[in-house]
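Thanks for coming. I will show one structure and go through a few parts of it in turn.

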Amino acid sequence: MDIEQLLKEMSVFEKIMQCTQLISSFYRGTKVEDNAANAIGPYTQLGLKQEDIYLAGSVNFLSDETGAMLPASELRRIQKECMERSPHHIPTLFVQDVIHGYVTIYPIPLAMAATFNPDLMERCAAMAAKEASMNGVDMALGPMVDLARDARWGRVAEGFGEDPFLGAAMAKASVYGYQGRQDKKAKISYEHVGSCMKHFAGYGAPEAGRDYNLVDMSELTFRSFYLPNYQAAIEAGVSAAMSAFHAFDGIPVTGNKKILKTLLRDELHFEGVVMSDYAACTELITQGVAENEEEAAYLSLEATCDIEMMTTVYAQSVPVLLKQGKIKMSQLDDACRRVLTVKERLGLFIDPYRQCDEQKAKTLFLCPKHRELAKEAAEESAVLLKNDGILPLPKQGKKVALIGPLASNPRILGTWRCGGQEKDSVTMLQGLQEKIGANNVVYARGCDIDYRGTDEREIPLAVQKAKEADVVILCLGEDEDDSGESASKTNLTLPDIQKKLYRAVLAVNPNIVLCVFNGRPLVLTEENETARAILDCFFPGSECGHAIADLLFGDANPSGKLPMSFPRNVGQCPLYYNHVNTGRPRSDEYHRCWNQSAYIDSPNTPLYPFGYGLSYTKFAYGPLRLSKKVLQQGKADSLTVSCDITNIGPCDGKETAQLYLRDLVGSVVRPVRELKGFQKVFLRKGETKTVSFEIQEDLLAFVASDFQKRAEPGRFRVWIGSSSDVIDGDEFVLNKE
Ligand code: BGC
């Protein structure tokens with residue numbers, strides 16, 4: 001497609017409408033609007049006429065009034081109408097929040113980070129892309145790569161946790177999975193979809209963990225910790241970026257030129273399309289930086305926000321702004337060009353339907369291969385937090401009681417489950433019955449999942465069943481919608497009613513295996529004291545019951561590692577392992593200490609640290625070996641640090657060996673340790689393998705006070721271990737050039 005020629009031919013209004021994203025229900029002739037449309041009303045309320053909607057550059061929320069995803073035939077119909085009714089027959093772009101699966105749902109992104117397995121992440125995202133694309137979706141609004149340190153923020157479920165090294169690896173893998181691995185500007189195949197990283201930038205650090213709230217942090221912190229994930233997605237060739245809702249340095253990002261233009265485009269060389277988040281352009285008015293729609297449109301376009309999502313401040317105001325000379329035609333052309341370019345990259349000008357096919361899509365959804373992959377991911381993401389030896393359970397000879405509001409509950413897909421349906425998820429009860437036979441499992445719900453629940457009437461029956469059993473598998477945690485967008489919390493313990501159930505069961509049977517379902521780190525301090533085992537399942541997706549049953553009964557061995565620190569109490573949030581040292585670091589976790597950076601009523605340390613996770617086997621780490629102790633600066637020098645890991649336990653298993661570094665003296669305060677490498681290795685019982693990491697100068701680089709990234713000569717401490725609380729380690733020196 002000759003985009004420049006097309007631009008010359010398009011009218012101003014056509015260009016503006018390419019920069020407008022609408023909702024699919026506008027095209028469906030329905031009076032009843034779905035949830036998203038409810039928020040903004042019918043298109044007439046946006047000041048649009050019916051013929052205008054066919055000019056919209058992109059369409060979002062591809063579902064019907066019941067929330068069910070639209071079939072390919074319907075997207076084809078809408079596309080055909082757009083093509084026919086728009087003067088230049090420009091295809092629209094179908095975008096959708098494909099976050100962790102399309103119809104086959106794999107674990108939530110936070111859980112995917114717990115796999116420490118970017119290859120698996122890539123394969124899962126590719127599976128989602130294939131299903132989505134075959135059903136007519138052109139672009140996934142994912143991955144969400146916002147680094148997050150505060151478990152109160154519900155959207156931690158959608159991201160990859162607290163660490164930028166792990167986050168960047170997962171961000172890259174997701175983009176590769178969605179778009180395929182190819183050159184930044186190359187065509188995206190019809191088996192893949194475009195990928196939109198979000199929410200640029202720093203959206204994961206809202207004050208007090210409250211969604212959409214102000215983000216206020218130093219540029220040093222932002223650049224050191226929050227920026228790398230976005231950079232990784234850009235390096236992987238991500239074709240779109242979504243601007244964040246919040247105010248950053250005083251200006252909401254959608255109208256923030258410093259963030260979108262100067263940083264994202266000029267400095268990070270992002271060449272793709274930028275879209276606002278939902279209605280964020282008009283929220284510039286609510287946030288008080290724009291008086292009216294005209295000002296909102298001006299700020300957004302000046303900031304180089306190309307597409308406005310679900311509002312029409314561009315349609316209403318850009319003609320006026322152009323007339324007044326406040327914005328230039330070239331600005332509108334640039335925005336429109338970027339939208340057209342992404343369509344070109346997706347092959348929409350060649351085939352506006354991108355070969356989507358309803359029947360073929362159906363054969364992909366939940367096919368055995370896809371279910372198998374979802375199961376593999378669910379198995380690898382679960383984190384064994386505690387085990388006194390009760391796990392794995394024997395398949396015979398024990399009476400098992402399965403209790404809890406998540407025990408026979410299909411709501412285990414998690415937030416943004418797209419086309420995933422409850423009827424297709426394998427519950428814990430189904431999984432257990434298949435594994436050990438229906439007659440060997442007794443079930444009681446015990447209480448409702450609602451965190452506001454107070455009804456205790458089901459507890460006695462659960463207690464009765466627990467009494468008669470040898471072991472109780474208790475399935476507790478959050479409802480799948482209690483983490484995610486708009487789901488911030490001030491209390492991170494299990495809901496009161498579930499605590500009551502837990503205590504009542506514990507009183508009659510101490511053999512509790514607690515399976516936790518959660519979209520964020522929870523406070524499990526009490527349960528850690530009293531349960532015999534705790535398995536953190538997150539929200540495992542469609543194959544939940546099969547995967548978790550395999551883990552509980554030893555047909556699979558847990559290998560997940562925490563991507564976020566689990567606090568002892570909510571007052572510790574935000575909590576993260578890669579903090580800097582204070583001048584008065586706490587020396588003793590268990591006593592009140594004067595003049596030290598501490599709480600008087602809690603240790604500083606988390607209940608479970610970042611990178612932590614047990615296995616049914618045991619891994620012994622041998623001493624560290626450094627190929628040399630001195631690295632020369634500026635000489636492309638490298639040293640290798642390695643150690644032997646031996647599986648000294650009773651079964652085969654996977655271990656994630658983690659490399660941590662500490663720069664002991666720097667021109668700015670440096671974190672007490674930082675993840676700088678990881679390798680997941682499979683070790684047979686009794687087997688020893690060597691893991692090696694190469695350290696070069698660029699791995700030691702950090703953002704200094706002039707915001708430039710470089711390594712500084714001096715001493716470094718290095719560790720290889722099974723979590724971020726690894727001890728011992730060794731030292732080496734980076735010598736001055
Ligand atoms: C969310 C985005 C999402 C968008 C469109 C917003 O509320 O913040 O992450 O992509 O809705 O679906």
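Let me begin with a cysteine: is Cys 475 buried or exposed? Before the reply, a caution that this is a predicted model. Cys 475 has 0% relative accessibility, so it counts as buried, the cut-off being under 20%.

Staying with cysteines, a search over the whole structure turns up zero disulfides. Cys 19 is in no disulfide either, and its nearest cysteine sulfur belongs to Cys 336, at 5.3 Å. Cys 19 is buried too, because its relative accessibility is 0%.

Next, strand S9, residues 273–278. Why do I call this strand largely enclosed by the rest of the structure? Because six of its six residues are buried.

What pairs with S9? One partner is strand S6, residues 240–243, which runs parallel to S9 and is joined to it by three bridges. In that pairing, Ala 240 has Val 273 of S9 as its bridge partner. Another partner is strand S10, residues 307–309, also parallel to S9, with two bridges between them. Here Met 275 stands opposite Ile 307 of S10.

Which strands supply at least two residues each to the shell around the ligand? They are S9 and strand S5, residues 194–200.

How many residues surround the ligand? There are 13, and the closest are Asp 97, Arg 155, His 199, Asp 277 and Glu 485. By type, the shell divides into six nonpolar, two polar and five charged residues.

For Asp 97, an N or O atom of the side chain is 2.3 Å from a ligand oxygen. For His 199, a polar side-chain atom is 2.7 Å from a ligand oxygen. For Lys 198, the corresponding distance from a polar side-chain atom to a ligand oxygen is 3.0 Å. As for cover, the ligand taken alone exposes 310 Å², and the protein buries 96% of that.

To recap, S9 is a strand with six of six residues buried, it pairs in parallel with S6 and with S10, and it contributes at least two residues to the ligand shell. That is what I had to show.

Notes. Residues numbered from 1 in each chain as written. Predicted model: local features only at pLDDT ≥ 70, side-chain atom pairs only at ≥ 80, totals over all residues. Heavy atoms only, no water. Buried < 20%, exposed > 50% of the residue type's maximum accessible area, 1.4 Å probe, protein only. Helix = DSSP H or I, 4+ residues; strand = E, 2+ residues; numbered from the N terminus. Pairing = 2+ DSSP bridges. Near = heavy atom within 4 Å. Polar contact = N/O pair within 3.5 Å; in protein donor to acceptor, adjacent residues only side chain to side chain. Areas by Shrake-Rupley, 256 points an atom, 1.4 Å probe, with all protein chains shown as cover. Nonpolar A, V, L, I, M, F, W, Y, C, P; charged D, E, K, R; others polar. Disulfide = S-S within 2.5 Å.
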